[in-house]
Amino acid sequence: MKKLIIAMTLLSIFGMMPTWAQSGDGFILKTKSNVVKLGPKVGLGFTSMGQPKEVDLVDGAGAGYSFGLAMKARLGRATKETLQGGTGILGFGLEMLYKQNKVNTIGEQNLSLGYLEIPLTLQLYPMSKSNMMNSFYVEVGPDFAMIASKSPDVLTVPSANLAYHTGDFKGGDLRIIAGIGYTIPKTSLDINARYYIGTSELAGNFPCKTNTLEFSLAWMFNIAKF
């Protein structure tokens with residue numbers, strides 16, 4: 001985590017340094033068309049989970065939350081008409097989030113799992129030549145999730161005389177992200193909808209995977225050009 005923070009800081013510093021090119025008249029300052037943005041992000045997620053083999057435990061998706069930092073880098077479009085950077089078809093996203101995923105169960109307590117997550121996405125802007133829809137994007141990529149908290153300690157189903165110990169749950173999950181987003185023109189507000197597909201079972205004796213539909217808002221600011 002520390003290495004990731006250092007890398008993001010160095011990227012910002014180098015991105016803000018001027019770029020120079022040699023011409024017949026000496027050195028001139030080059031225009032940078034690629035933009036890096038950084039800002040806080042909050043979200044609301046609805047998590048579903050498959051049923052264990054022994055009993056129907058899940059009673060619907062539960063509502064959870066997320067918060068953290070988001071960074072976006074977007075390439076520019078090299079045209080004479082484009083005066084601002086970061087208006088091209090290709091971009092990348094990197095985030096550091098804390099996320100609370102909740103699942104409603106028929107047991108005495110609902111399942112709550114806290115994760116530290118690092119989503120990494122490739123973002124495509126299919127309408128980059130449109131003035132109004134230039135900032136609309138679709139995104140895909142992996143999400144690296146490390147479990148930080150589990151509640152309750154024992155997940156019980158009294159009617160079936162079953163108990164699952166959440167201490168046996170694995171320490172992480174690799175998830176697949178698919179989503180869409182839009183940055184409102186002339187603002188720093190980015191709205192996003194994503195679906196996270198879990199690929200790892202929570203435990204050997206609890207072969208369930210989680211999926212999350214998430215809606216989020218980010219307040220993004222330009223921090224560098226390159």
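**Figure 1. Secondary structure of the predicted model.** The chain contains 1 helix and 13 strands, and the model shown in this and the following views is a predicted one. Read from the N terminus, the order of elements is α-β-β-β-β-β-β-β-β-β-β-β-β-β. Among the contacts in the chain with a separation of 6 or more, 66% join residues 24 or more positions apart. Of the 226 residues of the chain, 41% count as buried, and the chain exposes about 12200 Å², of which carbon and sulfur atoms supply 64%.

**Figure 2. The largest nonpolar core and the surroundings of Met49.** The largest nonpolar core has 18 residues, and those touching the most other members are Met49, Leu111, Leu113, Phe169, Leu202 and Phe206. Strand E6 (111–124), strand E7 (136–151) and strand E8 (154–157) are the elements that give two or more residues to this core, with E6 providing the largest share, 3 residues. When residues up to four places away in sequence are not counted, Met49 touches Val58, Val103, Leu111, Leu202, Phe206, Cys208, Lys209 and Thr210; among these partners, Leu111, Leu202 and Phe206 are themselves listed with Met49 as touching the most other core members.

Figure 3. Leu44, Phe46, Ile176, Tyr195, Ile197, Leu213 and Phe215 together make a nonpolar surface patch of about 590 Å². The elements that contribute two or more residues to the nonpolar patch are strand E3 (35–49), strand E11 (189–198) and strand E12 (210–219). Ile176, a further member of the patch, is placed in strand E10 (residues 172–183). Because its relative accessibility is 41%, Ile176 counts as partly exposed, a class that lies between the limits of 20% for buried and 50% for exposed residues.

**Figure 4. Pro207 in the loop between E11 and E12.** Pro207 is located in the loop that lies between E11 and E12, and it counts as partly exposed because its relative accessibility is 22%. Leaving aside neighbours within four places in sequence, Pro207 is in contact with Lys53 and Glu201. The C-alpha atoms of Pro207 and Gln51 are separated by 8.2 Å, although these two residues are 156 residues apart along the chain.

Conventions. Residues are numbered from 1 along each chain as its sequence is written. This is a predicted model: local features need pLDDT of at least 70, side-chain atom pairs count only at pLDDT 80 or more; totals for chains, interfaces and linings use all residues. Side-chain values use heavy atoms; hydrogens and water are left out. Helices (H or I, at least four residues) and strands (E, at least two) are DSSP runs, numbered from the N terminus. Buried means under 20% relative accessible area, exposed over 50%, partly exposed in between (1.4 Å probe, protein chains only). Contact means heavy atoms within 4.5 Å. Accessible areas come from the Shrake-Rupley method with a 1.4 Å probe; for residues, only the protein chains shown count as cover. Patches are made of residues with over 30% relative accessible area and no salt bridge: like charges are joined within 9 Å, nonpolar side chains (Val, Leu, Ile, Met, Phe, Trp, Tyr) within 5 Å. A salt bridge is a side-chain nitrogen of Lys or Arg within 4 Å of a carboxyl oxygen of Asp or Glu. A nonpolar core is a set of buried Ala, Val, Leu, Ile, Met, Phe, Trp, Tyr and Cys residues joined through side-chain atoms within 4.5 Å.
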